[in-house]
Amino acid sequence: MNAPAANVALHDCRDAFVATLERLGEEDRNVVVVCNDSVGSSKVSGFQDRWPERLINVGIAEQNMVGVGAGLANGGKIPFVCAASCFLTGRALEQIKADVAYSDTNVKLVGISSGMAYGELGATHHSIEDFAWIRALPNVPVIAPADRVETAAAVAWAKSYDGPCFLRLSRVGVPDLLPEDHVFALGKADRICDGGDVTLIANGTLTHRAMTAAALLKKRGLSARVLNMATVRPIDGDAIVEAARETGAILTCEEHTVFGGLGSAVAEVVVDEFPVPMKRLGVPGVFAPTGSANFLLDEFGMSPEGIAESAEALVKRKRHSD
Amino acid sequence: MASNLEQIANWIRRRDLQSVYEAGAGHVGGEMSVIDILTALYFRILSVNPEQPQDPDRDRLVLSKGHTANALYVVLAKRGFIPQDEISTFLKPMSRLNGHPNRTKVPGIETNTGPLGHGLPVAVGMAKAAKLDKAAWRTFVITGDGEMQEGSNWEAIMAAAQFGLDNLTLIIDHNRLQQGARLLDTNNLAPFAPKLEAFGWAVEEIDGHDMDAICAALSSETVVKGKPKCVVAHTNKGQGISFMSDNVAWHHKVPDSVQYEQAMKELEGTAS
């Protein structure tokens, strides 16, 4: 494990989520939380202490949880439906499709402990398909913040947005990356490192690894652009085309299967608009073996060194095709 | 008073039958079984205003058996939510009246249904919202009896009792037939009443084609404080049309011209 550096403070983004949620709850009594016996894992006990009647725990029943969220929205509430992402998006996918996306209800789906955050618990508890599942549905923005600042900004944005959305959060510690005054803009990537030889596109727990990889590449004489692409749908096509045109090669990194997630969304734009050499890093279509999320990300070639090596190989491919 | 409701229901049956016949598709059997319940709701029980379909204080009706959407469209048209002329667009290209109801297109629809087992959880959320606001509006949801085989309904049944949602009424359209066969021969949940009672609900069984009984069971005066209510409405699939009634073949069969004429004649014969 060589990322992040041992001397960098790491933060659990759930803390930023609940702090923002409580602030929003103070401002608007229509903000409610719906969960599936997940008060602890969603870290919403503070919300429950302050407004017990507005914490609606349906028990271990995810289909009902999402349906109840849609009904609360019909009654004028702004429900944040919080559950482990694997159960929220897997068990209740048809409710998300019919009751939330198709019915266009003002439901904020919050997938907690997404990706491989429950690493050692095994593949049943991994949520590495949720980008693909939710991205396939019309009408639901899909957002994976990279640090605590972006998490807070995205939660505040979700409250202000009149419609459904899916926030994909992790519990795996990440360092601060974005400035304190960062404002979340749906569908807009942030260029957090300039570069012209290759572009690294990442989100969630992978953004800081991509940044560290860019620093390694710089030492080796390669200048990598880094795009933090929190919004997977709607994807920032302009930033992708610009990256393709200006750097000629794109490497994507995500805590998700390589089938249907961020890499696929980027590749769709690249193929349609400006074909250049690409490589998609992620979970390569397998059920992951035992290990922590950080261990597994390293194992699947997404340590900063692994990302840097993939970027170097990609740059060589680019030169071959010139 | 009930006779007036019966006249409206008879008109709705005829218009529904005509619509299915002209469209060449629909779910006429289940529509005939639920029309009396829908008529009582929209013309006696529900506090709704076609001029303000989004009034926050309106009562909510969720048709969880969404495949009988055409019956709801005809009721909504008769009640003034959509133009009556529009019924003839049912299932036509680009019509907003497709085979299952869509709240984003049709005023008066509360949630999009179609996949079974969705309406009751959503209705639980609606009733919970009213409780949070200490608001007086009520929530009604209609499921099919076969639909009760969906596990999501039982998740919602548990939650409604836990939350003490006495502002929620579940009406089970108990016509004893599901798409492919009798409940009895498939996955027989009947009798429903003891099961719902065991989950902490107040339950009433009625003849689902008796307008007085429907209105009484749905009246706010019969709410049991602290408990959600289930009305098990004993109905007939294809009610009002002799050759369709209680006949599993008529789940989504479309009458030919001879059958259509006969069915219409029978319905006209019972119109006063």
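Q: What makes the largest cavity of this predicted model a cavity, and how much space lies in it?
A: The word applies because a 1.4 Å probe fits there but cannot get out, and about 140 Å³ of space lies in this largest cavity. By this rule the count comes to four cavities of 30 Å³ or more.

Q: Which residues line the largest cavity, and which of them lie nearest its centre?
A: A lining residue has an atom within 4 Å of a point of the cavity. For the largest cavity there are 17 such residues, with A:Pro145, A:Arg168, A:Ser170, A:Gly204 and A:Thr205 nearest the centre. By class, this lining has seven nonpolar, seven polar and three charged residues, and at least three residues come from each of domain 1 (13-168) and domain 2 (190-321) of chain A.

Q: What is the volume of the second largest cavity, and how do its lining residues divide by class?
A: Its volume is about 70 Å³, and the lining residues divide into six nonpolar, three polar and four charged. Among the 13 residues of this lining is B:Phe81, one of those nearest the centre.

Q: Why is a set of residues called a nonpolar core, and which members of the largest one touch the most others?
A: The name applies because its members are buried residues of nonpolar kinds, joined through side-chain atoms within 4.5 Å. In the largest core, of 75 residues, A:Ile250 and B:Leu168 touch the most other members. The largest share of this core, nine residues, comes from helix α4 (residues 119-132) of chain B.

Conventions
Residues are numbered from 1 along each chain as its sequence is written. Chains are lettered from A and ligands numbered from 1 in the order in which they are written. This is a predicted model: local features need pLDDT of at least 70, side-chain atom pairs count only at pLDDT 80 or more; totals for chains, interfaces and linings use all residues. Side-chain values use heavy atoms; hydrogens and water are left out. On a 1 Å grid over the protein atoms alone, a cavity is a set of points where a 1.4 Å probe fits but cannot get out, and a pocket is an open set with protein on both sides within 12 Å along at least five of seven lines; lining residues have an atom within 4 Å of a point. Grid points are joined across faces, edges and corners, and a volume is the space filled by probe spheres set on the points. Ala, Val, Leu, Ile, Met, Phe, Trp, Tyr, Cys and Pro count as nonpolar, Asp, Glu, Lys and Arg as charged, and the others, Gly among them, as polar. Domain bounds come from an automatic or database domain assignment. Buried means under 20% relative accessible area, exposed over 50%, partly exposed in between (1.4 Å probe, protein chains only). Helices (H or I, at least four residues) and strands (E, at least two) are DSSP runs, numbered from the N terminus.
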